[in-house]
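Morning, everyone. Please have a look at the model on the screen while I talk.

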Amino acid sequence: MSATTIAAIRATPVTVPLEAPLLHSNGAHWGRFVRTIVEVETADGYVGLGEMGGGGEDATRAFANLLAYLRGHDVFSLEKMRFAICNPTASLYNNRTQLHAALEFACLDIIGQKLGVPVHALLGGKVRDRVEFASYLFFRYADPASCEGEVRTPGQLVAHAAALKAKHGFTAHKLKGGVYPPQHELACYRALAQSLPGERFRYDPNSALCLADAIAFGKAILDIRNDYFEDPVWGMSQLKRLKDFVPLPIATNTVVVNFEQLAENVRNGAVDVILLDTTFWGGIRPCVKAAGVCETMGLGVAVHSSGELGIQLATMLHMGSVVPNLGYAADAHYHHLVDDVIAGGPLRYEGGAIRVPDTPGLGVALDRDKLARYHELFREVGGYPYDRDPGRPGWYPLVPNERWADPGASLTPALR
Ligand SMILES: [Mg+2]
């Protein structure tokens, strides 16, 4: 077999609208996702797909700079690529973990295409055909155009969850909090659980709570069927301290996002469930490797979502399909999007799950018309500051936060 070497790397920023702006503890997704779509082309004519986020910003230039490192690189040499662009000490200056992830996706896509096998077959083989997802509920501003979509009150949250369940079949529900005062979010979470008896729930305030509020919140939800309590407070030390007071499994996607931190967590036992993110960890393969450590050390594993279009979603599906110890429904922002750039339209949920692609490579292809359309939208409206709230100009949170949004205020801020 002749070498399949990298000849070109193309990166295209796109903006795809969300149904409504999604609030989180640091700011918001301003009614859209900005993603950089990556195409790696080989000298023998294969094109592999990757995708990267970037907190509302375009990552095009960073990928263009990497062609000098990777031109002529054999896409099968994945470990060599890691050291070529992610040397651990050089990474102190130029951390390319997330760029590496997008390139790893594309290389795996090419390897799969060339061998005629799906990516899951390159990763040990799938142990499940479908990956289950949670509803991933956010507090939202209304969309400024339609004036619809606000989620701020318990009643609005319950209605939103019911609508998503009816459409996609979710039976696990995640509330993203850290926006309103803890007492208000507790009322919302309890109303949600009460509205869907027998189903599973998780609450994630993105580390915004102080220890006392996290203890009070945790004790007040012990009668609910919680999968876990996700990043209630910041830091491994404080998460560990919380466990002395609240008998709930603790999950994180913030303080265990690399192997150094995973080793430390094994030593100190702070976190029980590690949410693996194919971008944050630098690729699908590092996630599978981390899942193996978790299996050995008795830690739970789930799939994290850092915001995705269909290419990244495919990486989450392949990863989720090969990890035997995946014990929870995966997270995805995907159903909050109004469209996608992949051929055939957005991947569909059936009974709260998405089928794992079985065609060669990642199993998704670009819809060139949509790529062009959403690239044009990016050019028109630009990026957005992920760590700013359009409804609270000048605001930023402390950790722990003490500057909550007002649950009595119904806002529909402009988004540009
Ligand atoms: Mg989280």
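First, the ground rules. This is a predicted model: local features need pLDDT of at least 70, side-chain atom pairs count only at pLDDT 80 or more, and totals for chains, interfaces and linings use all residues. Residues are numbered from 1 along each chain as its sequence is written. Helices (H or I, at least four residues) and strands (E, at least two) are DSSP runs, numbered from the N terminus.

Start with helix H1, residues 60-70. Which residues of H1 are buried? Phe63, Leu66 and Leu70. They cover an arc of only 55° around the axis, so they sit on the same side of H1. That arc is taken over the directions from the helix axis to the C-beta atoms. The background is simple: an α-helix has 3.6 residues a turn, so residues three or four places apart point the same way. On the other side of H1, Arg61, Ala64 and Ala68 are exposed. As for the cut-offs, buried needs 20 or more other C-beta atoms within 10 Å of the residue's own, exposed means 12 or fewer, and partly exposed is in between, with C-beta atoms placed from the backbone.

Now the helix pairs. Two packed helices are described by the angle between their axes and the distance between the axes. Axes here are lines fitted to C-alpha atoms, for helices over the stretch in contact, and angles run from 0 to 180 degrees between N-to-C directions. Under 35 degrees counts as roughly parallel, over 145 as roughly antiparallel, 65 to 115 as roughly perpendicular, and the rest as oblique.

Pair one is H2 and H3. Their axes come within 11 Å and cross at roughly 160°. H2 and H3 are therefore roughly antiparallel to each other. The crossing of H2 and H3 is right-handed. On the H2 side we have Leu78, Met81, Arg82 and Ile85, and they meet His100, Leu103, Glu104 and Cys107 in H3. Contact means C-beta atoms, placed from the backbone, within 7 Å. The residues of this contact divide into five nonpolar, one polar and two charged. The classes: Ala, Val, Leu, Ile, Met, Phe, Trp, Tyr, Cys and Pro are nonpolar, Asp, Glu, Lys and Arg are charged, and the others, Gly among them, are polar.

Pair two is H5 (154-168) with H6 (residues 182-195). The axes come within 9 Å and cross at roughly 40°. That makes H5 oblique to H6. This crossing is right-handed. H5 brings Pro154, Leu157, Val158, Ala161 and Ala162, and H6 brings Ala187, Cys188, Ala191, Leu192 and Ser195. By class, the contact of H5 with H6 has nine nonpolar residues, one polar and no charged.

Ile284, Cys287 and Val288 of H10 make the contact with Thr315, His318, Met319 and Val322 of H11. That contact has five nonpolar, two polar and no charged residues.

Stay with Cys287 in H10. Is Cys287 buried or exposed? Buried, because it has 29 C-beta neighbours inside 10 Å. Leaving aside neighbours within four places in sequence, Cys287 is in contact with Leu276, Thr278, Trp281 and Met319. Cys287 and Gly320 are 33 residues apart in sequence and 9.5 Å apart in space, C-alpha to C-alpha.

Last, the backbone. Most residues other than glycine have a negative phi, and most peptide bonds are trans. Cys147 has a positive phi, near 60°. Cys147 lies in the loop between strand E7 (137-138) and H5. Cys147 counts as exposed because it has 9 C-beta neighbours inside 10 Å. Asn206 also has a positive phi, near 55°. Its loop runs between strand E9 (200-204) and helix H7 (211-219). With 21 C-beta neighbours inside 10 Å, Asn206 counts as buried. Finally, a cis peptide bond joins Val399 and Pro400, with omega about -5°. Pro400 is in the segment after helix H12 (368-381).

Notes: Left-handed = near helix turned anticlockwise from the far one by under 90°. Contact = placed C-beta atoms within 7 Å.
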